[in-house]
Each structure stands twice: as structure tokens, then as C-alpha cells.
Amino acid sequence: MKMWAGRFEKELDAGINDFNSSISFDWVMYKQDIEGSLAHAAMLGAQGIISAADAAAIEQGLLGILADLESGALEIDPAAEDIHMFVEAELTSRIGDAGKRLHTARSRNDQVATDLCLYLRTKIAELTKETRGLAAALVGLAEGNLNTVMPGYTHLQVAQPVTFAHHLMAWAQMLRRDLGRLEDCAKRMNQSPLGAGALAGTSYPIDRRATADALGFTAPCPNSMDAVSDRDFCVELASAAALLMTHLSRFSEEIILWCSAEFRFIELDDAFATGSSIMPQKKNPDITELVRGKAGRVTGDLVTLLTMLKGLPLAYNKDLQEDKQAVFDAVETALACLRAFTPMVNTMTVLSQNMRNAAAKGFINATDCADYLTKKGMPFRDAYKITGALVARCVKENTTLEALPLAAYKEASPLFEEDIYHAIDLDTCVAGRASEGGPAPQAVKRQIAEYKAALGL
């Protein structure tokens with residue numbers, strides 16, 4: 001018999017019972033459900049709403065259930081409607097009538113919302129830890145590649161010379177924003193729904209601040225209707241996870257390119273690549289391809305939540321049961337990807353000479369050639385035009401700016417001198433870009449120092 005079955009004359013249809021049940025996925029919140037129930041029972045006892053003896057019996061019973069679930073002595077019943085009903089039914093079977101008093105001044109609506117907040121709070125902590133771990137890996141790799149020159153790209157075309165350290169720190173900055181979003185989400189969701197009841201609070205003299213404090217919330221949710229119907233925190237967390245996954249997906253695309261024979265900028269460790277069933281020469285970056293694919297899955301979870309919520313009136317609706325699978329999947333997928341990504345980054349080999357060779361091609365120093373003339377007094381647009389003509393000549397003669405004879409430079413402008421070759425040298429080009437946030441080794445060192453200080457790495 002269902003806990004809510006008092007006004008019903010028939011049992012719920014077996015097929016509908018399965019359709020209605022959420023135990024298959026909300027069982028993961030068993031710790032949080034017991035934690036919330038312990039705080040609620042203690043408050044009921046302190047307020048004299050139930051007897052001290054009943055409160056003590058409930059506490060002992062709940063702790064016993066938790067211990068048995070943790071040890072495996074008790075298994076969650078898959079036939080239960082949800083984790084909340086399972087725990088309450090098990091408690092009542094163990095301690096009798098005292099267990100039936102646990103739900104006094106509480107509804108499943110505020111109970112579910114409280115459990116979900118508590119559970120996702122732990123998941124935000126896990127996501128933060130894993131994201132920080134990847135950020136630390138990128139910083140460590142950057143510190144070892146301050147002078148590793150590589151081509152920077154726009155439109156996936158060679159643009160200007162940068163360093164691998166500078167490139168890595170661009171990804172690190174994305175992770176920094178991801179961490180900020182997770183932190184903001186954790187702050188906003190840290191209000192307690194417990195005590196909001198079904199939607200309109202309760203006539204019992206409860207102490208919502210006591211339960212909020214006991215559960216580590218900053219305060220109770222200020223409006224009981226909002227407390228039970230709010231799932232902004234699920235959307236916000238899924239959004240943060242989706243953007244984090246978008247960053248990992250973009251980074252994965254670059255790693256896939258860098259591993260190709262056409263680039264050969266890096267090589268993945270054998271432990272983080274796979275082979276082909278038919279082509280013995282293949283070394284496939286499957287981890288990054290999976291991450292790239294799973295990013296779409298997490299975006300889908302976010303869209304699911306937004307679509308579920310967009311037409312709901314206040315307050316609680318059963319539609320909200322669909323929140324858990326989407327947000328759980330978003331979080332667990334992001335965690336799995338981070339846990340695979342970080343050791344892959346930590347073990348990959350940087351092929352620095354290949355990066356430098358690639359940077360030497362494609363007239364990557366053309367801007368520096370134009371800047372050379374500008375620094376000698378020529379308007380930039382004129383310098384741009386002259387340099388463009390020199391590049392066109394190099395293309396026609398199948399040569400490079402570095403190999404072009406001085407006479408050709410002087411033919412283009414008398415401002416050119418022998419020092420043009422130093423000005424367009426790759427190391428000079430990179431070292432000269434020392435503006436804040438630029439790729440010069442000293443500028444990247446400062447960026448890394450500030451980053452490590454800000455994140456406590």
C-alpha cells in the first residue's frame with residue numbers, strides 16, 4: 001500500500017506504478033534523504049512537535065538504515081516508488097509508530113527539493129575538484145613550454161606566432177570561468193526548501209532556520225511556493241556543465257588535429273589512445289572524440305530541463321520528477337570526461353620542433369614585417385600594403401620573408417635595413433608581443449603567476 005493511498009480504493013496499475021516510479025534513479029540520494037530526515041526529526045523533537053523519545057528512535061533507526069545501506073546489508077527495493085518512500089517504509093518497519101511521525105510538518109515536495117539541493121551540492125564540489133585538477137595540469141604543461149613557438153590560428157589558417165604555453169593558458173582561462181560559474185551556482189542554490197511543505201508551509205511551530213543550519217544551508221528559502229517549484233539550480237548547474245563540456249569539446253577538437261599526421265604537434269600516451277581493428281598503423285584519439293560527442297549529450301540535458309520547466313504553473317507539478325535524470329546525467333558525464341581528460345593531458349608528449357617548423361611556414365611574421373616599417377614612421381596601412389606585396393612576391397618566387405634578399409626589401413621601401421631579418425625572426429616576433437596577456441614568455445609567466453595565485457594552485 002502506498003503512503004498516499006488513504007483516499008484510493010484501488011491499487012495503482014502495475015504498469016503505471018513503474019511509469020510513476022523514480023527509485024531507479026533517485027536512489028543515489030539515499031544519504032541526503034537520511035541526512036535531511038535526521039535534521040527534520042531533531043527539529044520536531046526540539047520544538048515539542050513529537051516526543052523526545054520518538055525523535056531519538058527515529059534518529060537511531062535512520063542511522064541504522066544508513067549503516068546497512070552503506071555496508072550492503074540492506075538493499076534498496078526496486079519496487080519502491082522513490083527513495084523517500086523506501087526510507088520511510090523501512091524506518092517504520094524497524095521502529096513502528098515512531099517512524100510514522102517522521103513526516104509530520106513535511107511534504108515530499110519540500111523533501112525532494114531538499115534532497116536534490118544536498119546531492120547536487122556534493123556534485124558541484126566534485127566538479128570543482130576535477131576542473132581544478134585539469135586547470136593545474138594545463139598550468140604545469142604551460143610552465144614547461146614558455147619558449148615553445150607554435151603557429152596561432154584564425155579561421156584555422158596560420159595567423160601569428162605564439163607559444164604553446166600561451167595557447168594552453170587560453171584553455172586554462174576558460175576553466176577558470178567554469179569554476180566561477182560552479183561557485184556561483186553553489187551559492188545561489190544554498191537555501192533550504194525544508195519546511196515549505198507541499199507549497200504553503202505548515203501550521204506546526206517548526207524552526208526552519210534550525211534545519212537549514214543543521215544541513216549547512218545559509219538560510220531557508222524565503223517563499224514556500226518557490227521553494228518546492230524552483231529548479232533554477234538544476235538548470236544553472238546543467239548550464240555550467242554544458243559550457244564546461246563545450247570547452248572540453250573545443251579543446252578535444254584541437255588535440256585531434258594536433259595528433260594528425262598533418263600537424264604532429266603532440267602524441268598521446270598509448271594508455272589514452274586506441275588502435276584500429278583492420279589498420280595496424282592507426283593510433284586514434286578516441287578519448288577526445290568521445291568527449292566531443294558527449295558534449296552534445298550534456299547540452300541535450302540542459303535543453304530537457306529548460307523545456308520541462310517552461311510551461312509549468314506554480315507550485316509543484318509531477319513534471320519536476322524529470323529534473324533528476326537530466327541533471328544527474330549532465331553532472332556525471334562531465335565528471336567522467338574530466339577524469340579521463342586530465343591524465344591524458346598530463347601524459348601527452350609535446351613535439352616542439354614540429355610546432356616550430358609549422359610556425360616557420362605561412363608568412364606568420366608578416367604582421368611583424370609591417371610593424372617594422374610602422375615603427376620607422378610609415379603609416380600602418382602603407383606598411384600593410386607593402387608587406388602584402390612582399391608576401392605576394394614570395395609566393396610567386398616560392399620563397400619566404402626570411403629568405404628574401406635585402407635588395408628586394410629595399411626595392412619595396414628604403415626604410416628596410418639589415419635588421420629586418422632580426423625583426424621577423426620567430427623568437428623576436430614572440431618575445432616582442434609582451435603586452436599584457438600576450439605570448440611573450442615573460443607575459444605568460446606573469447599570467448601563470450596570477451592564475452595560480454587566484455586559484456590557489
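The chain folds into 20 helices and six strands. Here helices (H or I, at least four residues) and strands (E, at least two) are DSSP runs, numbered from the N terminus. The model is a predicted one: local features need pLDDT of at least 70, side-chain atom pairs count only at pLDDT 80 or more, and totals for chains, interfaces and linings use all residues. Residues are numbered from 1 along each chain as its sequence is written, and side-chain values use heavy atoms, with hydrogens and water left out.

Start with the overall form. Along its principal axes, the C-alpha trace spans about 100 × 55 × 40 Å. The radius of gyration of the chain is 31 Å, whereas a compact globule of 457 residues would have one near 23 Å. That radius is taken over C-alpha atoms, and the globule rule is 2.2 Å times the number of residues to the power 0.38. Of the 457 residues, 47% are buried. Buried means under 20% relative accessible area, exposed means over 50%, and partly exposed lies in between (1.4 Å probe, protein chains only). Contact means heavy atoms within 4.5 Å. Among contacts between residues at least 6 apart in sequence, 75% join residues at least 24 apart.

Now look for empty space. Rolling a probe the size of a water molecule over the atoms shows where such space is left. The search runs on a 1 Å grid over the protein atoms alone: a cavity is a set of points where a 1.4 Å probe fits but cannot get out, while a pocket is an open set with protein on both sides within 12 Å along at least five of seven lines. Lining residues have an atom within 4 Å of a point. Grid points are joined across faces, edges and corners, and a volume is the space filled by probe spheres set on the points.

The largest pocket has a volume of about 420 Å³. It is lined by 21 residues, and G152, Y153, T154, H167 and E254 are the closest to its centre. Strand 1 (149-154), strand 2 (157-163), helix 8 (164-188) and helix 11 (232-259) each give two or more residues to this lining. By class, the lining of the largest pocket has 12 nonpolar, five polar and four charged residues. Ala, Val, Leu, Ile, Met, Phe, Trp, Tyr, Cys and Pro count as nonpolar, Asp, Glu, Lys and Arg as charged, and the others, Gly among them, as polar.

Between strand 1 and strand 2 runs a loop that holds L156. L156 is not a glycine, yet its phi is positive, at about 60°. With a relative accessible area of 54%, L156 is exposed.

The structure also holds one cavity of 30 Å³ or more. About 40 Å³ of space lies in the largest cavity. Its lining consists of L134, L138, W171, L175, H247, L248 and F251. Helix 11 gives the largest share, three residues. Six lining residues are nonpolar, one is polar and none is charged.

Helix 11 also contains S249. S249 counts as buried because its relative accessibility is 15%. Beyond its neighbours within four places in sequence, S249 is in contact with V291, R292 and A295.

Next come some backbone details. A105 sits in the loop between helix 6 (97-100) and helix 7. Phi of A105 is near 65°, a positive value in a residue other than glycine. At 10% relative accessibility, A105 counts as buried. Further along, a cis peptide bond joins L314 and A315, with omega about 5°. A315 lies in the loop between helix 12 (286-309) and helix 13 (323-347).

Finish at helix 15 (residues 366-375), where A366, D368, C369, A370, Y372 and L373 are buried. Their cover includes strand 2, helix 16 (380-397), helix 17 (406-412), helix 18 (420-423) and helix 19 (426-432). Just after helix 15, G377 takes a positive phi of about 110°. The loop between helix 14 (352-359) and helix 15 holds A360. A360 is partly exposed, with a relative accessible area of 35%. Not counting residues up to four places away in sequence, A360 touches E402 and L426.
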